[in-house]
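Let us walk through this model together, one region at a time. Please keep the sequence and the 3D view side by side as you read.

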Amino acid sequence: MFAALLTLVLVGAAFALALRCAERRLRAARAPVTADAIDALLPQTQCGQCGYGGCRPYAEALARGEADLNRCPPGGMAGVRALANLLGRAPKPIDPACGREKPPAVALIDEDVCIGCTKCIQACPVDAIVGASRLMHTVVGDLCTGCELCVPACPVDCIAMAPVEGRTPPPRPGAAARTQVAAS
Amino acid sequence: MRIHRFHGGMRLDLRKQAALARPIRPCPLPPQLAIPLAARADMAARAVVAPGRRVRRGEVIGRIEGAHGTTVHASTSGTVLAVEARPLADADARAGPCVVIEPDGADDEQRLPPIEDWRDAPRAALLERLRETGIVGLGGGAFPSAAKLAGAQPTLIVNGAECEPYVACDEALLRERAEEVVAGAALLAHVLGAARTFIAVEEAMPQALAALESALHAAPFEGAALAAVPTRYPEGGERQLIQALTGREVPSGGLPQDLGIVCHNVATAAAAWRAVARGEALTARIVTVTGAGVVEPGNFEVRLGTPLAWLVEQAGGYTARAARLLAGGPMTGVALPHDDVPASAATHCVLVLAEHDLRDAAPELPCIRCAECARVCPARLQPLQLLADLRADDTAEARAHALADCIECGLCAYACPSHIPLVDWFRRGKAELRAQAAARANADAARERYRAREARLAREREERLQRSAARRAELAAAQAPTPPISKDAVLAAIARGRARKRVPPPGGESGGDA
Ligand code: SF4
Ligand code: SF4
Ligand code: SF4
C-alpha cells in the first residue's frame with residue numbers, strides 16, 4: 001500500500017518536473033513579436049483612443065509587453081482576436097475606457113459653415129483634408145480613417161462623422177435569407 | 001479518354017427541356033437599353049460618352065480600368081440618354097454605373113477590320129483585338145478574356161458543361177453554332193500556344209456533342225479533343241472540370257494557370273472568334289429564360305443592357321404561378337427584388353420559379369453535425385465548421401479553414417437537412433474577407449501617409465529650429481562688434497536728446513513741449 005503510494009507520488013513528481021522543464025524550454029523558443037508585426041494588424045486610424053497617441057506607439061508598447069491588447073476600438077473584436085493570436089494571449093472585450101467599436105465613418109465638413117481656419121488640417125494625422133487658409137476645406141473620403149480628431153479641432157463645429165455605405169457588412173443570414181433550390 | 005471524379009457533387013434534376021424545345025430566338029430591341037459598364041462589382045469602369053451623343057452598335061461607350069482593362073460597347077445604334085447608376089442583376093439589385101441608350105431602330109453597326117488570317121497574326125495583335133472588342137467570360141464570371149490569355153499555357157479547356165439545372169444557353173449555342181465554337185477554340189488555342197485543347201460537354205447533351213463532332217470533323221485543328229463528362233453538378237465548375245479531365249486538382253488559393261491550364265466558356269470562344277474573324281464587338285449574348293414562372297421558356301439572343309422585364313415579356317410573360325425571379329441558375333443565382341434590371345455579359349439565365357419549386361417554407365433548425373454538407377462539397381471544405389466560424393464572427397478562423405476556396409455552388413445548403421442557408425453565410429463571409437483585404441490596403445496607405453506626415457512635421461520642426469538658431473546667431477553677430485557702452489557715452493546721448501527737444505522740429509506741431 002505504502003509502496004504503491006510512494007511510486008505514484010514519485011511518478012507524479014517526475015512528470016511534473018518534466019513538464020516544467022518542457023514549458024521553460026518551449027517558452028524560451030517563442031520569438032519575441034516585433035512592433036512591425038503588431039503595427040501591421042492595427043487599423044492605422046491614428047486616433048489615439050488607445051492612449052498612446054497613434055498606432056505605432058501602441059504597437060511598440062504592446063511589443064514591450066506594457067500595454068493590454070484590448071485598447072483599440074476601431075480595430076474591433078476582430079482586431080483584438082488577431083492581436084491575441086499573434087501575441088499568444090487570451091482575447092478580451094474592448095476596454096470601455098478607450099471607447100466603443102463603431103460602424104466605419106468618415107468626416108464630412110459642412111462647406112457652407114467652414115471658415116477656412118486650417119485647424120482641422122493640422123489635426124488630421126493622415127493628411128486627408130485639403131484646403132487653404134481662409135478658403136473652404138473638404139475631406140477626401142477615401143483617405144479619411146475616421147479618427148474623429150478633426151471634430152473637436154473645428155472652432156465652428158462644422159465637421160460631422162458620416163457612416164460609410166458599403167463598408168458595413170450585410171445582415172447575417174437567417175430566417176429572412178432564403179436559398180432557392182429546385183426540388184429534384 | 002479517362003474521366004476522373006471530383007469530390008462531392010450531386011446529380012440534380014436538369015429541367016432543361018423546356019428551354020431547349022425551341023431554337024434560339026433573337027430578342028427584339030427594347031425601347032431603352034441600360035448597358036452596365038462593369039459586369040463585376042470589383043471592377044472600376046468609366047463612361048467615355050456623354051448624354052446626347054449618337055452612337056453606333058459596337059462603338060466604345062466605356063472603359064474598365066486597370067491591368068485587366070477592357071472596353072464596353074454600345075449594343076445598338078441610338079442616342080445616349082444618360083450615364084447614371086441603375087440597379088443591376090446582382091445580389092439585392094445593387095446599383096452600378098450604366099449608359100442608357102435609346103435605340104434609333106436602324107441598328108447601324110461599326111465593326112473593326114476582320115483578321116481573316118489570324119493563324120499567322122502575332123499573339124499581341126489578337127490579344128489587343130479581344131481587348132478592344134470587350135470580350136469577357138460569358139460563363140457568368142465576366143472576367144476580361146484577354147487578361148486570362150496573357151501568358152502562354154500548354155492546355156486549353158473550352159467549357160460547354162453547364163450542369164446547373166435550367167441553364168441551357170451553352171447547350172443551345174452548341175446545337176446551333178458548333179462551328180463558331182470550334183473556330184473559337186482553335187483561335188484561343190493559337191493565342192495561348194496550347195498543345196492540347198479539350199472541348200468538354202456533358203454526357204446529357206448528345207445533340208450538342210454530335211454537332212461538335214461534325215464541326216470538328218469539318219475544321220479539325222492540332223491537339224483538339226472532344227470530351228463528354230458525366231452530368232454531376234458542379235461538373236461545369238472550372239476546378240471540377242479540370243479535375244475531371246486531367247485528374248489534377250487546382251491548389252487551394254491557386255489558379256488553373258498554376259497547372260498550365262486555362263479554361264474558357266464555349267460562348268466566350270465563339271465571341272472571341274467573331275471579334276477576330278468578323279471584327280464584331282461583344283454586344284449580345286445568349287440568355288436562357290425559363291422556369292415554371294414564364295409562359296414560353298427559351299433561349300434568346302439578347303443585346304446587353306436589355307431590361308429583364310422586356311426579356312420575360314418576349315418569353316410570353318409571367319405565369320400566374322411565378323413566385324421568384326433569379327438572375328442565374330437555381331443553385332448559384334441571386335434572387336432579384338424586381339425585374340427592372342438590365343442583362344449584362346454575366347447574365348446567362350433568367351429563372352422564374354413557382355412557389356412549389358421553393359424550399360423556404362421549412363424553418364431553419366440547429367446544425368446536427370451530420371456532415372452531409374462536407375460530403376457533397378466539391379471544394380472539400382467543412383461547411384459546418386465554416387458556419388460555426390462565421391456565426392462567431394471569426395473571419396480569421398474562417399479564412400484559415402479556406403473559406404476563400406468556396407465556389408458558392410450551393411450544394412451544402414441544398415443537402416443540409418436542417419435547412420441552414422449555408423451558402424448565404426459563405427457569400428457574406430467571402431464579401432467580408434474581401435472587405436477586410438480592402439480595409440487592410442487602406443490601412444497600409446494610411447500608415448504611409450501618417451509616416452510621411454510625421455516626417456514632414458519633424459522636418460518643419462527642424463527647419464524652424466534651424467531658422468531661429470540662425471536668427472539668434474545673426475543677432476548675436478550684429479551685436480558683437482558694438483563695444484560695451486560707457487557711462488559717459490550714455491550721459492552724452494541723454495544730453496543730446498535734451499538739447500534736441502528744446503528746439504522744436506521744423507514745421508513741427510508737437511505740442512509736447514510744455
Ligand atoms: S479627416 Fe478628420 S476624421 Fe478623417 S482622418 Fe482626418 S482628422 Fe481623422
Ligand atoms: S448538413 Fe447542415 S446539419 Fe448537417 S453538418 Fe452540415 S450544416 Fe450541420
Ligand atoms: S457552397 Fe461552398 S462550402 Fe458549400 S458545398 Fe459549395 S463549395 Fe462547398
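A few conventions come first. This is a predicted model, in which local features need pLDDT of at least 70 and side-chain atom pairs count only at pLDDT 80 or more, while totals for chains, interfaces and linings use all residues. Residues are numbered from 1 along each chain as its sequence is written, chains are lettered from A and ligands numbered from 1 in the order in which they are written, and side-chain values use heavy atoms, with hydrogens and water left out.

Let us begin with an open sheet of six strands in chain B, which has mixed pairing and the order 1-14-13-17-15-16. Its edge strands are strand 1 (25-26) and strand 16 of chain B, each of which pairs on one side only. Helix 4 (residues 169-192) of chain B packs on this sheet, where it touches strand 13 (284-290) and strand 14 (298-303) of chain B, and its direction makes about 120° with that of strand 13 of chain B. Helices (H or I, at least four residues) and strands (E, at least two) are DSSP runs, numbered from the N terminus; two strands pair if DSSP finds at least two bridges between them. Axes are lines fitted to C-alpha atoms, for helices over the stretch in contact, and angles run from 0 to 180 degrees between N-to-C directions.

Now follow strand 15 of chain B within that sheet. Strand 15 (residues 322-327) pairs with strand 17 (residues 349-354) of chain B in the antiparallel sense over five bridges, and with strand 16 (residues 334-335) of chain B, also antiparallel, over two bridges. B:Leu326 lets you see both pairings: it stands opposite B:Leu351 in strand 17 of chain B, and its bridge partner in strand 16 of chain B is B:Ala335. The hairpin of strands 15 and 16 of chain B has six residues between the strands, and there B:Gly328 takes a positive phi near 105°.

Back on helix 4 of chain B, have a look at B:Glu176. Leaving aside neighbours within four places in sequence, B:Glu176 is in contact (heavy atoms within 4.5 Å) with B:Pro23 and B:Ile24.

Chain B also has an open sheet of three strands, antiparallel and in the order 3-5-6. Strand 3 (45-47) and strand 6 (70-73) of chain B stand at the edges with a single partner strand each, so one side of each is left without a neighbour in the sheet. Neighbouring strands here are turned by 30° against each other on average, direction ignored. Strand 5 (residues 60-64) of chain B pairs with strand 6 of chain B over four bridges in the antiparallel sense, and B:Arg63 stands opposite B:Thr71 in strand 6 of chain B.

Next comes helix 10 (residues 383-391) of chain B, whose buried residues are B:Pro383, B:Leu384, B:Leu386, B:Leu387, B:Asp389 and B:Leu390. What covers them includes helix 9, helix 11 (395-400), helix 12 and helix 13 of chain B. After helix 10 of chain B comes B:Asp393, with a positive phi near 60°.

UniProt, in an unreviewed entry, places the feature "binding site" at B:Cys367, B:Cys370, B:Cys373 and B:Cys416. These residues are spread over 50 residues of sequence, yet they cluster in space, with a largest C-alpha distance of 10.5 Å. UniProt positions are given in the numbering used here, feature names are shortened, and annotations may be inferred rather than shown by experiment. B:Cys367 is found in the loop between strand 17 and helix 9 (372-376) of chain B, and is partly exposed at 33% relative accessible area. B:Cys416, in the loop between helix 12 (411-415) and helix 13 (422-479) of chain B, counts as buried because its relative accessibility is 10%.

Finally, turn to the ligands. The residues around ligand 3 (those with a heavy atom within 4 Å of it) include B:Cys377, B:Pro383, B:Cys406, B:Cys409 and B:Cys412. This shell divides into 10 nonpolar, one polar and one charged. Around ligand 1 you will find, among others, A:Cys124, A:Cys144, A:Cys147 and A:Cys150, in a shell of nine nonpolar, two polar and one charged. Here Ala, Val, Leu, Ile, Met, Phe, Trp, Tyr, Cys and Pro count as nonpolar, Asp, Glu, Lys and Arg as charged, and the others, Gly among them, as polar.

Methods
Buried < 20%, exposed > 50% of the residue type's maximum accessible area, 1.4 Å probe, protein only.
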